[in-house]
Amino acid sequence: MTDKTAGGDVRLAGISKHYGSFTAVHPLDLTIPQGSFFALLGASGCGKTTTLRMIAGLEEPSTGTVSLGEREVTHLPPYKRPVNTVFQSYALFPHLDIYENVAFGLRRRGIKSVKKQVEDMLELVELGQFAQRKPHQLSGGQQQRVAVARALVNHPQVLLLDEPLGALDLKLRRQMQLELKRIQTEVGITFVHVTHDQEEAMTMADTVAVMNGGRVEQLGAPAELYENPKTTFVANFLGTSNLIEAEVLEAGGSDVLVGSADARLRLPAARCSTTPTAGGKLLVGVRPEKISLVHAADEDTVAAGRNKVRGTISASSFIGVSTQYVIDSPVCPELEVYVQNIERDARLVPGAEVVLHWNPEHTFGLDAAQDIDAGIETVEEGA
Amino acid sequence: MSAPATPAQAAVAAEPPVHRASLRKRLVPYWLLLPGILWLLVFFVLPMIYQASTSVQTGSLEEGFQVTWHFQTYWDALTEYYPQFLRSLLYAGTATVLCLLLGYPLAYLIAFKAGRWRNLLLVLVIAPFFTSFLIRTLAWKTILADGGPVVGVLNTLHVLDVTSWLGMTQGDRVLATPLAVVCGLTYNFLPFMILPLYTSLERIDTRLHEAAGDLYARPSTTFRKVTFPLSMPGVVSGTLLTFIPASGDYVNAELLGSTDTRMIGNVIQSQYLRILDYPTAAALSFILMAIVLIMVTIYIRRAGTEDLV
């Protein structure tokens, strides 16, 4: 399945979109490398779908240009772009059977012998025996695969996926994520995937662009974004972060020392998104799974040099592989800690005095001038 | 010991009312059907039987009519009035095609492009129903009057030369010609075409248009391959709602036509009310019904709308 046209990167240069006085997408520069699996991640209304539709040609940008490889396509109508979309609602043609749905794009381009290509594509998505069915006779997951097949059969330079898994239940969604990833590796086409599901974006994509309020907040590999968020929005939207408001006590060396309530915490200067200055404020972040928990009576067992915070367990929930604790601490009223259920300490119940400790290397610093709660619970918000 | 027995006793005691309730429940659909069935029985089935019996009677108004199973009436009616039958089907067919050609773009516009004007436009479509059918048709008599502005314009544009060549008009007259009758039919039945078309177009998910565009279909191809096939239920019901009443119509031919444009409706009307030949009138009605029924059945089979979602 090799492509005859060398694709080239997708380049968005200063594209923006206004609807009247509302700005859906602020001027945006983005280069999506050829053959990559790229995710646009954000809450609804953040401009990710609008960005995707501008690449597809379904929306015309208010400013800026869209290029595919060397070719500028900003003002080309969708039917002239070598780009195909998998729509959120699938948008399968209800009056055509699965075979004709998949053959639609090929026929429109005047390709006479579509049989082999359509059958191969239906095999790829494991729907060979459903060719004669109508879309409404298939399950949601099968319809989703038809939508993928219908787009991919055209060997587009770029495949755009608009929340393609949104309508599926969790188990099927996990399965389809792996399936899409497999197909992408197999066909080697650039995939641009829009989603509000951070787990989905991280599982599938090579590069994730986190969008918020019509802007890209941060762009990078999933692990990079997760470990080194540059803003509170990214820290909170991608997984969970414990953010502690702290005062910088010592700065300038390779480590920064900060203080919050009675705790003294260290973090590498390289992991600060701002340049901390002594006496200034800093938001100190640590992921819940990096933290270890011991009962206050065992405080001496904590190795020297680790960041330590005292607190009281206010809630715990057992979820099988791990237990999630919420700790009330002087530095932050709701610290989250995920502990693997390897050896469970029976004393760690709500009300127990505990000591939280973690490797200072796992601590990151954010600019304190931001909203500490940005990105929390924004998933359900409409705009 | 008595506690466990109580539910069982209660169940036994409650059994007969439960049974009666379920019976009553099963009868509910029939109760709901009853008014409609009674209505149809009195105002449709009984008149039909009466007409059927009239069509095989012989006699005269003075001597009274007797059922003589005289089926010859059907044959006589058909051989005598087949030109009017053919004319009815031709006029109704032409009017239906014109309604489709005029109505489709309008329904498309209302469904996809009208935005906030949608409801206003729909009200305008049905606005003519606020005045009587008869008055509106009479108004067309004025519009198409000899020497009137419409005729003048059509004459200047040489449209009348073309319609005259087609046998639709004579000389520089429009009134009392086939064109006038077809125009009247088209006008009067247009809303019956637009409304079902609108309903089926409006149901089409506009994302399908985007999907077709995304799959290399230019707008005209999208219309041909996606929009039009999906609007077929509306096309079928619109054409039926136009063609069936138009083929039995007599008001338009009566008011806008002449003796040369008489449709079968006019014949039936005059047989009943002027010539008072009830058997022939009844036979003509049944023949018309049969023709329409056969044509509609073939049409629906061909259109294959049951295949559409």
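Author: UniProt positions follow the numbering used here, feature names are shortened, and an annotation may be inferred rather than shown by experiment. The model discussed below is predicted.

Reader: Which residues of chain A does UniProt list for "domain: ABC transporter"?

Author: The annotation comes from an unreviewed UniProt entry. Over its span, chain A is 35% helix and 27% strand, with the end C-alpha atoms 25 Å apart. The record places the annotation on chain A at residues 10-238.

Reader: How far apart are the C-alpha centres of domain 1 and domain 2 of chain A?

Author: The domain assignment divides chain A into domain 1, residues 10-227, and domain 2, residues 240-366. Between the C-alpha centres of these two domains of chain A the distance is 40 Å.

Reader: Is H2(A) roughly parallel or roughly perpendicular to H4(A)?

Author: The axes of H2(A) and H4(A), the latter residues 140-152, come within 7 Å and cross at roughly 30 degrees. H2(A) brings A:Ile98, A:Asn101, A:Val102, A:Phe104 and A:Gly105 to the contact, and H4(A) brings A:Val146, A:Ala149 and A:Arg150. By class, these are five nonpolar, two polar and one charged residues. Angles under 35 degrees count as roughly parallel, so H2(A) and H4(A) are roughly parallel.

Reader: Which element gives the most to the side of chain A that touches chain B?

Author: In the contact between the chains, 19 residues of chain A meet 17 residues of chain B. On the chain A side, strand S6 (83-86) and helix H2 (98-108) each supply at least two residues. By class, that side has 10 nonpolar, six polar and three charged residues. With three residues, the element that gives the most is H2(A).

Reader: What percentage of residues 85-299 of chain B is helix?

Author: An unreviewed UniProt entry annotates this stretch of chain B as "domain: ABC transmembrane type-1". Its end C-alpha atoms are 19 Å apart.

Reader: Is H2(B) roughly parallel or roughly perpendicular to H13(B)?

Author: H2(B), residues 72-113, packs against H13(B), residues 278-303, at about 65 degrees, with the axes 9 Å apart. Angles of 65 to 115 degrees count as roughly perpendicular, so that is how H2(B) lies to H13(B): roughly perpendicular.

Reader: Is the crossing of H2(B) and H13(B) left-handed or right-handed?

Author: The contact includes B:Tyr74, B:Tyr81 and B:Phe85 of H2(B), and B:Leu284, B:Ile287 and B:Ile291 of H13(B). Its residues divide into 10 nonpolar, two polar and no charged. The crossing of H2(B) past H13(B) is right-handed.

Definitions and conventions: Residues numbered from 1 in each chain as written. Chains lettered and ligands numbered in written order. Predicted model: local features only at pLDDT ≥ 70, side-chain atom pairs only at ≥ 80, totals over all residues. Helix = DSSP H or I, 4+ residues; strand = E, 2+ residues; numbered from the N terminus. Contact = placed C-beta atoms within 7 Å. Nonpolar A, V, L, I, M, F, W, Y, C, P; charged D, E, K, R; others polar. Domains from an automatic or database assignment. Axes fitted to C-alpha atoms, helices over the stretch in contact; angles between N-to-C directions. Parallel < 35°, antiparallel > 145°, perpendicular 65-115°, else oblique. Left-handed = near helix turned anticlockwise from the far one by under 90°.
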